[in-house]
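I went from the overall dimensions to individual helices and then to selected loop residues.

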Amino acid sequence: MAEDDPKTLVSTDWLGRHLKDPDLRVLDASWYLPDAGRDGRAEYTEAHIPGARFVDIDDLSDARSDLPHMAPPVEKFMSRMRAMGVGDGHQVVVYDGAGMFSAARIWWLFKLMGHDDIAVLDGGLPKWRAEDRPLEDMEPIVRDRHMTVRRRAQLVKDVTQVSSASKLGDHEIIDARSPGRFRGEEPEPRSGMRAGHIPGSRNVHYATLLNEDGTLKAPDELRAVFEAAGADLSKPAITTCGSGVTAAILSLALERIGKTDHSLYDGSWSEWGASPTVPVATGDT
């Protein structure tokens, strides 16, 4: 079992012990790809961890962008959190219905906005259910809470910065997509995308960081996965994926092994694969 750390990852046992703490806030961040045939909000309405609030990744995004669920402006993040009763002084735990899929995106978003007191629930709702822990279908009573935001620009990269990193080789770009998509052998789930990967990037499929029960592997095992993929962890890392969701699992894993010089390419392949002005590589290299 992973060591509990309220700034990165906590176990179901930890959450069970702290569930009634007055300054704990639990967020259900369930989100699925269109072909999954699942509705995160509908599932939350049916049953969720007691006291959990539902956070919609698509709503908590920059509506001005044509790209999917880009990080929102500071003001929108503050407004949405206030409406959910999440603010300064709260310890936040975020989970999802897949076990470890979309929750890490919200973890990263809080970090981007300057909040460290947030952890992903290891194994998520599936592990919580498997242990026959309590669920409810009532939404909690919400009271406004002010949230101070200090955006950490160093945690996010745009296409120009990633293009420069790809050319110079001064960062390790790590792609969380499946090996088939990385090599350009599988079609992209979004239309209009070229197949392949950012030149010079390494492939660490997010699923290789997880145990069979959906929990995150231990730090020494995580490090071994990155090293087996050829990732040079002495360089600052940039994580990427299809649309910036599973890239955050890589970011969480890097944080768990003590690597703090990492950032996330928010546009990810949704931007890079649709742009005719940046190069695409195929195969394993």
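**Entry 1: the chain as a whole**

I began with burial and found that 52% of the 285 residues in the chain are buried. I kept in mind throughout that this is a predicted model.

I next looked up the secondary structure, which comes to 10 helices and 10 strands.

For the surface, I recorded an accessible area of about 12,400 Å², with 49% of it belonging to carbon and sulfur atoms. I also located the charges: the chain has 34 positive and 46 negative ones, and their mean positions are 4 Å apart.

**Entry 2: helix H3**

Which residues of H3 are buried? In this helix, residues 74-83, I listed Lys-76, Phe-77 and Met-81. Looking down the axis of H3, I saw that these buried residues fall within an arc of 125°, so they line one face of the helix. On the face turned away from that buried side I found the exposed residues Glu-75 and Ala-83.

I asked what covers the buried residues of H3 and noted that the cover includes helix H4 (103-112). Just after H3, I recorded a positive phi of about 75° for Gly-85.

**Entry 3: helix H9**

I took H9, residues 247-256, as the next case: nine of its 10 residues are buried, so the helix is largely enclosed by the rest of the structure. I wrote down the buried residues as Ala-247, Ala-248, Ile-249, Leu-250, Ser-251, Leu-252, Ala-253, Leu-254 and Arg-256. After H9 comes Gly-258, for which I noted a positive phi near 90°.

I looked up two residues other than glycine with positive phi. His-69 has phi near 30° and sits in the loop between strand E3 (53-54) and H3. Is His-69 buried or exposed? I found a relative accessible area of 4%; this is under 20%, so His-69 is buried.

Asp-132 has phi near 60° and lies in the loop between H5 and E6. Here I found a relative accessible area of 72%; this is over 50%, so Asp-132 counts as exposed.

**Entry 4: Pro-134**

I then examined Pro-134, in the loop between helix H5 (124-130) and strand E6 (156-157). With a relative accessible area of 47%, Pro-134 is partly exposed, since that value falls between the 20% and 50% limits.

Which residues does Pro-134 contact, leaving aside its neighbours within four places in sequence? I listed Ile-49, Pro-50 and Trp-128. I also checked Pro-134 against Gly-16, 118 residues apart from it along the chain, and found their C-alpha atoms separated by 9.1 Å.

Conventions:
Residues numbered from 1 in each chain as written. Predicted model: local features only at pLDDT ≥ 70, side-chain atom pairs only at ≥ 80, totals over all residues. Heavy atoms only, no water. Helix = DSSP H or I, 4+ residues; strand = E, 2+ residues; numbered from the N terminus. Buried < 20%, exposed > 50% of the residue type's maximum accessible area, 1.4 Å probe, protein only. Areas by Shrake-Rupley, 256 points an atom, 1.4 Å probe, with all protein chains shown as cover. Lys, Arg positive; Asp, Glu negative; His and termini not counted. Charge placed at Lys NZ, Arg CZ, Asp CG, Glu CD. Arc of directions from axis to C-beta. Contact = heavy atoms within 4.5 Å.
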